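Please look over the sequence and the model shown below, and then follow the paragraphs that lead through them one region at a time.

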Amino acid sequence: MLSDTIAAISTAVGESGIAVIRVSGPEAISEVGRLFRSKTALPEAESHTVHYGFIVDPATGEKLEEVLVSVFRAPRSFTTEDVVEISTHGGIISVKRVMDLLLQQRGIRLAEPGEFTKRAFLNGRIDLSQAEAVIDLIRSKSDRAFSVALKQVEGQLSRQISKLRHTLIETLAHIEVNIDYPEHDVESMTMAFIKEKCAEVSEGIDALLKTANQGKILREGITTAIVGRPNVGKSSLMNALARENKAIVTDIPGTTRDVIEEYVTINNIPLKLLDTAGIRETMDVVEQIGVERSKAAVSEADLILLVLNSAEALHEDEIALMEQLKGRSTIVLLNKIDLPQQLDREVVRRYFPEESIVELSVKTEEGLDHLEDAIARMFFGGELESNDLTYVSNVRHIALLKKAKQSLADAYEAADSGIPIDILQIDVRLAWEQLGEVIGDSAPDALIDQIFSQFCLGK
Ligand code: GDP
Ligand code: ZN
């Protein structure tokens, strides 16, 4: 099953400078070699070399494409099999012609989504968390998310999990000895040892879990609602954010035609702006129902940007809104500081702490950077260092870590209440297995299939 040869287009289909077709398996070099004309015949090519030439249809002798072909020989390739990568011109037609020709060859079939990565996993080249990180890489919405996922591919999470599992194996060994030599003094020593180790590993898990929330934010973006009365500057703010942060990553049509999710990245933090369709309307007369609409957006937001017009006195709707937002992650924007000031700051401070109030003018862009700082401060305690943190961002990992923590808590409690050591051993072993599942040790086949099916074609 794993011994056949697969091919797929590995770059996004569409307009691009070049496109890459990847072929992996024992026939990769010979099959591509039959279609490739260049100075060096591919079967003679050394590993990690690139060759210029033409893809030729052997039936007609027609030159289909000018290409570069890279050769990676087993086991020094992504899949650990023989791999050939064909770089063609990026146009969809030229890629498709080469791909069609490849699939006409007897020894080559179209790869399933994720099959290259799956082979890398099954051949022991990467572990499961690294494979999942490849999915995250493909989907990541910001530079920061990208580098976190990259770290995971490089195995940081795996290393930390392995360290914790190592401690548990030591503990299990200790228990084993105790079961073999059950003198009383050994037993009490062992209980203390087990408790200490359970607590130690549990702390390690906590540290990983703490990064989970940040991980989610990095992956999915901070769900952000911009709220406020008509004419305070919401649309202008949206536009300014979008303009300043050119990386509007994507527009995802939502469930209704009205709701559009839009991403902007601020200090490398992706914000998922809610209900921007409403805010973008140029005919602001329509925003009579602005506050009603705000209420709906507010209920699902992680972050609320409340915009007030500092050139006017507070309106009763705004007092009501502030009342409603008390205790939520809110940043208050006192907009239009370029105009003569009317708004009473004291009232605002009654509802929100000083550090979450930002004075700015969207028009002159004065203070816009303070907004960016305030967002970073609120979510990452002022700084977001991807260098020394392992972000756990995958829901499956989070669930397993929580389970393992519970197993350890059970073991700890059992140790405390004098439960026989061979029973307590079960919980410690369970924790060890649950941590193992994160990195794909002891993960059931069905799960592995399910994870790899999430990949897009050609990865
Ligand atoms: P929205 O109804 O909350 O979306 O408000 P808009 O973004 O449509 O802005 C309403 C008006 O206020 C527009 O004429 C903007 O040009 C203006 N405006 C927005 N921000 C500022 C600002 O910082 N200073 C000044 N002077 N005018 C602004
Ligand atoms: Zn507007």
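**A walk through the predicted model**

Helix α15 is followed by Gly-440, whose phi is positive, near 90°; helices here are DSSP runs of H or I with at least four residues, strands are runs of E with at least two, and both are numbered from the N terminus. This is a predicted model, in which local features need pLDDT of at least 70 and side-chain atom pairs count only at pLDDT 80 or more, while totals for chains, interfaces and linings use all residues. Residues are numbered from 1 along each chain as its sequence is written, chains are lettered from A and ligands numbered from 1 in the order in which they are written, and side-chain values use heavy atoms, with hydrogens and water left out.

Helix α15 itself covers residues 421–438, and its 18 residues reach 27 Å from the first C-alpha to the last, close to the 26 Å expected at 1.5 Å a residue, where the expected span is 1.5 Å times one less than the number of residues. Among the residues of α15 that are buried are Leu-424, Val-428, Trp-432 and Leu-435; buried means under 20% relative accessible area, exposed means over 50%, and partly exposed lies in between, with a 1.4 Å probe and protein chains only.

Helix α14, residues 395–416, can be read in a similar way: at 1.5 Å a residue its 22 residues should span 32 Å, and its end C-alpha atoms are 32 Å apart, which agrees. Its buried residues include Arg-396, His-397, Leu-401, Ala-404 and Leu-408, and the helix is followed by Gly-418, whose phi is positive, near 65°.

A nonpolar core is a set of buried Ala, Val, Leu, Ile, Met, Phe, Trp, Tyr and Cys residues joined through side-chain atoms within 4.5 Å. This core has 30 residues, and those with the most contacts inside it are Ile-161, Leu-168, Ile-205, Leu-401, Leu-424, Val-428 and Leu-435; its largest share, eight residues, comes from α14. Leu-435 touches Ile-161, Leu-164, Arg-165, Leu-168, Val-201, Ile-205, Leu-401 and Ala-404, when residues up to four places away in sequence are not counted, and contact here means heavy atoms within 4.5 Å. A second, separate core of 26 residues includes Leu-237, Leu-241, Val-307 and Leu-368.

The next region is a sheet. Seven strands form an open sheet with mixed pairing, in the order β3-β4-β5-β6-β2-β1-β7, and two strands count as paired if DSSP finds at least two bridges between them. Strands β3 (36–38) and β7 (108–110) stand at the edges with a single partner strand each, so one side of each is left without a neighbour in the sheet. From one strand to the next the twist averages 35°; axes are lines fitted to C-alpha atoms, for helices over the stretch in contact, and angles run from 0 to 180 degrees between N-to-C directions.

Strands β4 and β5 pair in the antiparallel sense over eight bridges, and Val-50 stands opposite Ser-70 in β5. These two strands form a hairpin with six residues between them, and in the turn Gly-61 has a positive phi of about 75°. Five bridges then join β5 to β6, again antiparallel, and Leu-68 faces Ser-87 in β6 as its opposite residue.

Helix α1 (residues 28–35) lies across β1, β2, β3, β4, β5, β6 and β7, running at about 70° to β3, whereas helix α3 (residues 115–122) lies across β1, β2 and β7, at about 135° to β1.

Strand β8 belongs to another set of pairings. In a regular strand the side chains alternate between the two faces of the sheet. Ile-222, Thr-224 and Ile-226 point one way from β8 and Thr-223, Ala-225 and Val-227 the other way, and all are buried. Strand β8 pairs with β11 (residues 269–273) in the parallel sense over three bridges, with Ile-222 opposite Leu-271, and four bridges join β8 to β12 (residues 303–309), also parallel, where Ile-304 is the bridge partner of Ala-225.

The loop between β8 and α8 (234–244) holds Asn-231, which is exposed, with a relative accessible area of 56%. An unreviewed UniProt entry places the feature "binding site" at Asn-231, Thr-250, Ile-252 and Thr-255; UniProt positions are given in the numbering used here, feature names are shortened, and annotations may be inferred rather than shown by experiment.
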